[in-house]
Amino acid sequence: MKAFIVLALGILLILVACTVEKPSLPTWDVDLAIPLINEEYFISDLVDSVNIVIGDNQVLHLIGSGEVDTPEVGTVEMHPNLDEQVPLISGMDITEEIGFIDSGGSAELSYGKFSSGIMRIRFSNVVPQTEELRITFTDISTIDGNPLQVTYDDNEEWQDIDLTGCVIGELDSPDILTDLEVSIFASSSLPDGTPLALFDIELSGALLFEVFQGILHDFEIALNNYSSSIDIDYPSNVDEAITLSDAHLEIDVTNNIGFDCEFIGFFEARRGDVVERKQIVDPNGNNYRISAANSEGAVVTSLIFDEGLSRLMQIMPESIQIVDAMFLVDSASGAGTLRENDTLVANYVLDAPFRFTLHESPVMVEDAIKINISEDNKEYISEDLQSASLEFKVWNKIPVGGKVKAYFSVDEEIDPEDSLSYAFYKEIEVASAQSAPDWQNDLEPLVLSKQELDFFSGEQIYLKWEFIFEASQGLVEITASSADFMAIKSTLRGKLRINGSEL
Amino acid sequence: MKKIISFAVISIMAVSAFATPSAKSFFFADSYMLRANGVEANYWNPAKLSANNDSDIWLPLGNSGVQISNNALDLDTYNFFVSADTLNAEGKERILKDMDGSIDFNSTANISLIGVTMGNTAISASGHFHGKGMLSEDFLRLALYGNTEEEYRFNKDTNNASALSYIDVTYGIGDIIVPYIPENIPQIKAGFAASLLTGIACVETHKFDVLFRSTEDEGASLDSDIELRTGVLGAGFKGMLGLYSEITPWLETGITVDNIAGFIKWGLSKDIIHYYASADSVYISNADTDIFTQGNERYKSGAFTTNLGTEMRLAALVKHKYATLSADWVQGFSNTVNSSKVGRLSFGAGFMPTPFLPLSLGISLPNSSNPLKVSYGLGLKSKSSEISLAIQSYDSLFPGYKSKGISFGTALRIWF
């Protein structure tokens with residue numbers, strides 16, 4: 001019995017001597033490799049069909065377009081300053097011509113429809129034996145189509161004849177009306193040749209024509225001013241990093257008036273306070289001429305203009321417009337027709353192909369991006385993530401390469417020149433298609449230390465991008481075919497801390 | 001002791017592949033076929049039920065045992081893991097170093113309910129719980145090191161769990177002299193036992209297919225398809241045939257075939273619980289889209305049967321006045337919840353330094369599927385009763401910090 005107790009106690013002693021710890025998990029780190037991205041970014045995805053389009057040979061083009069027009073041209077004004085007195089003699093039945101010339105010399109009429117105008121007439125010193133006095137203006141027709149006619153009706157006062165709605169001259173006549181043809185008939189009981197009365201006619205006020213045919217001298221039609229925006233967020237300094245090769249402007253002028261005319265104007269590009277202006281003239285330095293509308297309607301004249309335009313586009317404009325512009329109907333325009341409601345419309349397209357020279361100059365995206373991280377993820381980053389590394393592979397088929405720098409800060413104002421304005425930055429360098437035609441597998445990974453990771457658990461995080469292009473050897477051209485893309489594969493490698501806990 | 005039990009609770013998973021028929025076998029590291037007498041012979045070799053022996057009774061809970069073990073973690077490593085503040089690369093390797101493709105957990109519990117012998121027959125009832133589980137080494141490497149490989153594939157071979165609990169009511173008859181044995185050959189006795197099994201509950205891994213890939217070109221993908229089959233209340237049967245011969249007064253040999261036509265058919269509740277998750281070509285850059293599908297569903301299953309694999313056991317026992325030596329070889333014919341095709345050899349020794357103080361020692365040799373098991377037991381014996389206590393250590397000669405498992409067994413026999 002004693003031995004049994006001794007042995008039993010011996011076994012119990014062995015068991016009791018073994019300490020079994022309370023179950024709990026220790027803390028350890030695991031390495032995670034998480035696929036981050038595997039994408040192909042095609043140049044053609046940049047095409048918005050508005051400001052960026054694909055042109056000939058698949059070349060990408062920056063496009064700015066707009067439309068400007070004139071107000072309705074309104075009435076043509078003439079000032080004949082006519083003041084004639086004609087003695088009326090018994091038995092008179094004759095035709096006379098009265099001069100009808102614009103005193104200012106700005107218009108020569110062959111046909112017109114009055115928008116407004118007053119003709120003043122008066123019969124005076126009429127003898128009592130007068131039977132009939134009748135004046136007919138053969139060149140002027142009333143609204144009902146009959147020649148304008150005035151007769152004596154015992155009124156010897158001045159009379160105003162409203163010419164509104166009347167027409168003068170013959171429609172589409174090639175002849176300029178320099179005289180008004182007037183038929184005069186006078187009869188009385190007195191012998192023929194006896195003076196019967198005096199007839200006065202005055203056209204001293206302005207005659208306004210809603211339809212005018214003839215010749216105009218220096219008739220100006222001003223263009224309204226509309227600017228057109230180019231909806232592209234250019235990074236700052238991009239104008240220093242890129243020198244555009246060429247650009248051209250095409251203006252299609254739709255002319256509804258029956259005169260050809262001269263186009264006078266400037267093309268202006270603005271970006272902030274920076275303004276570039278270029279006069280729109282042909283290669284010889286002359287103003288373009290716009291063809292007249294014809295019998296079939298409006299005629300479109302295309303103006304191609306490229307001289308010096310790349311200098312305008314070089315500022316990477318936010319808006320473009322045609323300014324200080326007008327159409328001028330001048331002596332060289334010849335005879336034509338103009339209606340009160342006629343307008344001219346100019347549609348313009350500014351076209352800058354993506355053909356440029358790259359310079360190794362930093363380009364900064366204007367605004368810092370605020371990074372929003374949920375509180376849960378902040379805690380996760382702060383407590384669990386020990387380090388992280390982004391590994392990249394890039395296949396760049398675009399003839400543009402360079403460095404991309406990401407600046408991180410707690411402040412929105414990030415200045416790469418001021419190291420105090422940001423917490424840290426990371427950069428990756430991607431070679432252009434010319435420098436590295438195949439997959440670039442040896443890119444330096446972006447490594448984030450624990451201290452840098454902890455930055456992302458802060459209250460506010462801002463990111464600002466900076467690009468420094470690889471200087472090009474001459475011009476590069478960006479095309480948007482299916483072979484123009486940048487493929488990126490990336491894996492996030494992180495060291496994750498598994499925090500211990502009691503079970 | 002509470003600490004040991006807590007260790008057991010942590011480790012517990014499903015069934016032992018070498019389920020012990022009764023707790024007393026713990027005393028001899030499973031080398032027990034020819035040592036079992038009385039009610040225990042019902043489970044070990046019914047041929048040994050003999051009318052010449054005293055009547056024997058089992059009392060509830062008197063013969064009970066519990067066993068937990070695993071193949072990779074000893075107590076020292078466990079303590080290291082749970083008490084370490086941080087785990088470095090050296091510590092991780094310490095945990096993984098003994099895993100041979102997977103970490104396997106086993107647990108068994110046997111509880112006697114009642115039993116009595118009547119002449120050369122016996123009737124008994126006992127309860128059994130078996131549990132085992134496997135988790136592949138790759139799974140643990142993934143948890144400890146992260147996804148350092150591009151692809152991880154997990155299947156049922158190395159990732160599974162199952163548990164089975166049932167009660168048997170066994171009737172055995174023995175001491176049947178095999179006829180037509182030539183006189184110059186020692187007498188051979190036969191016996192058989194039939195067990196009606198009442199299944200309490202079972203759960204088993206029906207399907208386990210998990211594929212996780214993470215590559216730069218294809219993104220991260222997960223395809224997980226796991227099914228657990230559960231059953232509640234079932235009925236079954238198993239039979240045992242045994243032969244036994246006392247070749248000389250000091251040498252016995254025997255052979256048994258257990259689990260003949262053994263099965264439990266689950267009837268009352270048969271469910272399949274399906275867990276699934278899938279994601280395809282996931283990149284962080286598109287993680288905000290609805291790319292992850294997961295869920296679980298439970299549906300009724302058709303009736304299913306848990307087969308109990310047939311095992312053959314060969315044994316020899318050498319007897320002496322003060323000591324006995326035994327050897328048992330067990331060979332299963334299929335890999336089932338209770339059997340293994342990998343055979344195992346165990347040796348047992350009993351000592352009687354004094355008539356009332358039996359001591360036991362057992363050792364089960366290790367192989368590819370079975371760890372080294374070493375048992376120590378002692379008892380207190382009187383003319384009509386015996387009470388015993390045994391402890392068994394896994395993969396270590398002595399129970400302690402290097403043990404990868406432990407068993408406890410108690411035995412109470414009363415005879416008259």
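The model before you is predicted. With that rule, 18 residue pairs, both at pLDDT 80 or more, are in polar contact across the interface of chain B and chain A. On the side of chain B that touches chain A, helix 3 of chain B, residues 75–83, makes the largest contribution, with six residues. By class, that side of chain B comprises 26 nonpolar, twelve polar and five charged residues.

Let me turn to the extent of the interface. In total, 43 residues of chain B contact 35 residues of chain A. The two chains bury about 3400 Å² between them, and 66% of that area lies on carbon and sulfur atoms. Of the area that chain B buries against chain A, 18% is supplied by Glu216(B), Ile284(B) and Leu378(B), more than by any other three residues.

Glu216(B) also takes part in a salt bridge: its side chain meets that of Lys393(A), at 2.9 Å from N to O. Between chain B and chain A the count of salt bridges is two.

The chains are joined through strands as well. Strand 1 of chain A, residues 27–42, runs parallel to strand 3 of chain B, residues 86–87, and two bridges connect them. Within this pairing, Trp28(A) has Leu87(B) as its bridge partner.

Next, consider Ser285(B), which lies in the loop between strand 10 (251–282) and strand 11 (292–300) of chain B. Leaving aside residues up to four places away in sequence, Ser285(B) touches Leu36(A) and Ile37(A).

Finally, a hairpin within chain A. Strand 9 and strand 10 of chain A form this hairpin with five residues between them, and Gly145(A) in the turn has a positive phi of about 95°. The strands run antiparallel and are joined by five bridges; Thr136(A), for instance, is partnered with Gln149(A). In a regular strand, side chains alternate between the two faces of the sheet. Strand 10 of chain A has a covered face, with Leu148(A) and Val150(A), and an uncovered face, with Pro147(A), Gln149(A) and Thr151(A).

Conventions. Residues are numbered from 1 along each chain as its sequence is written. Chains are lettered from A and ligands numbered from 1 in the order in which they are written. This is a predicted model: local features need pLDDT of at least 70, side-chain atom pairs count only at pLDDT 80 or more; totals for chains, interfaces and linings use all residues. Side-chain values use heavy atoms; hydrogens and water are left out. Helices (H or I, at least four residues) and strands (E, at least two) are DSSP runs, numbered from the N terminus. Contact means heavy atoms within 4.5 Å. Buried area is the accessible area (1.4 Å probe) that two parts lose on being put together, summed over both. A salt bridge is a side-chain nitrogen of Lys or Arg within 4 Å of a carboxyl oxygen of Asp or Glu. A polar contact is a pair of N or O atoms within 3.5 Å; within protein, one must be able to donate a hydrogen and the other to accept it, and residues adjacent in sequence count only if both atoms are side-chain atoms. Ala, Val, Leu, Ile, Met, Phe, Trp, Tyr, Cys and Pro count as nonpolar, Asp, Glu, Lys and Arg as charged, and the others, Gly among them, as polar. Two strands pair if DSSP finds at least two bridges between them. Buried means under 20% relative accessible area, exposed over 50%, partly exposed in between (1.4 Å probe, protein chains only).
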